[in-house]
Amino acid sequence: MATPSVTELSLLKALWKQQPLSSRQLHACVEEELGWSFSSTRKTVERMLEKGMLSQRSLQGVLVYEAHVDKVATLAAFANDFGRRVMEIDSPLPVTMFTGSKLVDPQELLELEQMLHDWPLETKE
C-alpha cells in the first residue's frame with residue numbers, strides 16, 4: 001500500500017472520525033490544520049478518488065466521501081515509513097508510541113501493534 005501524503009492523511013483522519021462527509025464538511029474539518037482553500041481540498045479529494053483512497057456516493061442529492069482504505073493498515077504503513085526513512089529504524093516500532101492517541105481505540109491499537117511487528121523488513125520503495 002502506498003503511504004498517503006501528509007495532506008491526504010489529514011483528510012483520511014477526518015473521515016475516519018466521522019463519515020460520510022461532503023467536500024464542504026471535509027474542508028471544514030481540515031481548513032484550520034492545512035490552511036488552504038476549498039478548491040485545494042476538492043483537488044486533493046479528486047486525486048484520492050483516482051488513487052482509490054476514497055469512495056464517493058450521493059446522499060440526499062449531495063456527493064459524500066468515505067475512506068476506502070483501512071485505518072489501521074494505513075497508520076501502520078505511515079508509521080513504518082516514518083520509522084524506516086526518517087528515524088532509520090530497521091526493527092518494528094514500539095506500539096507504546098501510539099498510546100494515548102485519539103485516533104485509535106484499544107482494539108485498533110492491538111491490531112496496529114501486530115501489523116508493525118509483522119511488517120516485512122525487506123520492504124523497499
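1. The axes themselves are lines fitted to C-alpha atoms, for helices over the stretch in contact, and the angles run from 0 to 180 degrees between N-to-C directions. On that scale α1 and helix α3 (residues 38–51), which pack at an angle of about 85° with their axes 11 Å apart, are roughly perpendicular to each other.

2. The structure is a predicted model, in which local features need pLDDT of at least 70 and side-chain atom pairs count only at pLDDT 80 or more, while totals for chains, interfaces and linings use all residues. Residues are numbered from 1 along each chain as its sequence is written, and side-chain values use heavy atoms, with hydrogens and water left out.

3. The protein has 5 helices and 3 strands, where helices (H or I, at least four residues) and strands (E, at least two) are DSSP runs numbered from the N terminus. Read from the N terminus, the order of elements is α-β-α-α-β-β-α-α, and the C-alpha trace spans about 45 × 30 × 25 Å along its principal axes.

4. In the pairing of α1 with α3, E8, L11 and L12 of α1 meet T41, T44, V45, M48 and K51 of α3, contact meaning heavy atoms within 4.5 Å. These residues divide into 4 nonpolar, 2 polar and 2 charged; Ala, Val, Leu, Ile, Met, Phe, Trp, Tyr, Cys and Pro count as nonpolar, Asp, Glu, Lys and Arg as charged, and the others, Gly among them, as polar.

5. The axes of helix α1 (residues 6–17) and helix α4 (residues 71–86) come within 12 Å and cross at roughly 150°, which makes α1 roughly antiparallel to α4. The crossing of α1 past α4 is left-handed, meaning that the near helix is turned anticlockwise from the far one by less than a right angle, whereas clockwise would be right-handed. On the α1 side the contact is made by V6, L9, L12 and W16, and on the α4 side by K71, T74, L75 and F78, giving 6 nonpolar, 1 polar and 1 charged residues.

6. Helix α4 also packs against helix α5 (residues 106–118), at an angle of about 45° and with the axes 9 Å apart, so α4 is oblique to α5. Here α4 passes α5 in a right-handed crossing. The residues K71, V72, A73, L75, A76, A79 and N80 of α4 meet E108, E111, L112, M115 and L116 of α5, and by class the contact has 8 nonpolar, 1 polar and 3 charged residues.

7. Two backbone details deserve a check, since most residues other than glycine have a negative phi, and most peptide bonds are trans. The peptide bond from Q19 to P20 is cis, with omega near 5°, and P20 lies in the loop between α1 and β1 (21–22). Q60, which is not a glycine, has a positive phi of about 55° and is placed in the loop between β2 (54–59) and β3 (62–67).

8. The charged end of R24 sits over the ring of F38, 3.7 Å from its centre; the criterion is NZ of Lys or CZ of Arg within 6 Å of the ring centre and within 35 degrees of the ring normal.

Technical notes
Angles under 35 degrees count as roughly parallel, over 145 as roughly antiparallel, 65 to 115 as roughly perpendicular and the rest as oblique.
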